[in-house]
Amino acid sequence: MSDLSPLPLVSDPQTTSSSLQLLVLSNGHGEDVIARSILQELQKQSHPPDIYALPLVGEGKAYQKLDIPLIGSVRTMPSGGFIYMDNKQLIRDVRGGLVQLTWKQIKAVRQWVKEQQKLGQKTAILAVGDIVPLLFAWVSGANYAFVGTAKSEYYVRNEVGLLERTKKGSARWENFSGSIYHPWERWLMSRPRCKAVFPRDSLTTEILHTWKNIPAFDVGNPMMDGLEPRFPTQNLYRGDGELKEMERPLIVTLLPGSRSPEAYANWEVIMNAVSELMDWFREPELVTHTSKTIVFLGAIAPNLDLNTVCQSLENQGWRSYTESPIQIPDSHILTFKQKNAYVMLTQNAYNECLHLGDLAIAMAGTATEQFVGLGKPAITIPGKGPQFNPAFAEAQSRHLGSSIILVEQPADLTKKICSLLEDPDKFHLIAKNGVRRMGKPGAAKRIAECLLEHFS
């Protein structure tokens, strides 16, 4: 756990401004990133608000990159923000000062609003995440809007009806009031000071519209913004398209997650699956749309130690290789080879890893959702957590539907991929499903424009 000294109530006060004063609340690294994408679009507007932030979990590095001043105290808790999947993590956070931190943050938000209103400023709160920042926004006394990143109706239903669940008790609890959002959450969304709610997909918006006093807007999911590759991936293979498709390697994106040390344990599990897949791929009777070459693209988060990942590869017989089988815009990319397979590790070409992969072996949260949102299938393997544990993986498979193929063990992965590659129609259905569940790009800009309209 790291603890930063309390910051001034307002860093770099902007008391002479007459524009909207906006305070952003978020509770997790992924939520910080989503909020940042919206704030970047707000800053592009002709009359942007003055923006402040309070990350309720973590240190708010995403905001610091935009030079957005923070208010109140910030701290990294032991769980890293994943308490909802594990009660033990909640206990650790409570022992680590969660209650005291929360109280300090509530007071900081209320004080910030009070000071801005004393100066005659128009104030508003943007809550990004789940009920925690939403509750903070309501307590603040200011107008507020909510970007709901944690919940989707797809966790409990699809367009046809409720999902069949093995654990009936949990299913009844999640949907006991007719929505994935519980009555107290909907109450917070329906208050007169709540000017806008941005659910993460169309189905969730549709369900919330059954309560007429919730101002829900279906503008898409900002998680799908900013994923454009730096070069057109369709130009990677030139000439006769059909022939090149038959000759090109199968490309599998590897997504171990970004949280240390969990990501390193996930990487070991993924590499066991890679070994199984390589053995199957060399079978002489195998007929696929690809050559007998397979390329694994390892999207390694910048905060992880690449040497640790490389050592794992070398321990499993992979050797450093100077030539790259495909073009990736990263001068620091590392390539390894073993028989007819390559592993390419990059910490600078995340978008390309998502776009180039035919499928993914994934043990991640946001990265898996973004990969699926590009219309591609992901094979997931439950880890030991605290984030990507069996409960998280099962919930993610419900949320993303047919785009997720959940296997219990790395050894089970090969048969699933074989079946998938032999069924082009399933790839087409998966592509449509992913876009429907994750939405199209451009949501951050649409949210920014809607915020200014409803906070004016």
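I started with a helix pair: α14 (residues 390-400) and α16 (residues 424-438) pack at an angle of about 100 degrees, their axes 10 Å apart. That makes α14 and α16 roughly perpendicular to each other, a label for angles of 65 to 115 degrees. Axes here are lines fitted to C-alpha atoms over the stretch in contact, and angles run from 0 to 180 degrees between N-to-C directions. On the α14 side I find R398, H399 and L400 making the contact, and on the α16 side N433, R437 and M438; contact means heavy atoms within 4.5 Å. By class, this contact has 2 nonpolar, 2 polar and 2 charged residues. Ala, Val, Leu, Ile, Met, Phe, Trp, Tyr, Cys and Pro count as nonpolar, Asp, Glu, Lys and Arg as charged, and the others, Gly among them, as polar.

A note on the source: this is a predicted model, where local features need pLDDT of at least 70, side-chain atom pairs count only at pLDDT 80 or more, and totals for chains, interfaces and linings use all residues. Residues are numbered from 1 along each chain as its sequence is written, and side-chain values use heavy atoms, with hydrogens and water left out.

Next, the overall count. I get 17 helices and 15 strands in the protein chain; these are DSSP runs numbered from the N terminus, helices being H or I of at least four residues and strands E of at least two. Of the 456 residues, 55% are buried (under 20% relative accessible area, with exposed over 50% and partly exposed in between; 1.4 Å probe, protein chains only).

Then L188, which sits in helix α7 (residues 183-189). L188 counts as buried because its relative accessibility is 4%.

The bond from S260 to P261 is cis, with omega near 5 degrees, and P261 is in the loop between β8 (250-255) and α10 (262-281). The bond from G385 to P386 is cis too, with omega near 15 degrees; P386 lies in the loop between β14 (378-380) and α14.

Last, positive phi. D67, not a glycine, has a phi of about 60 degrees, and D67 is exposed at 69% relative accessible area. K339, also not a glycine, has a phi of about 55 degrees and lies in the loop between β11 (334-338) and β12 (341-346).

How values were computed:
Angles under 35 degrees count as roughly parallel, over 145 as roughly antiparallel, 65 to 115 as roughly perpendicular and the rest as oblique.
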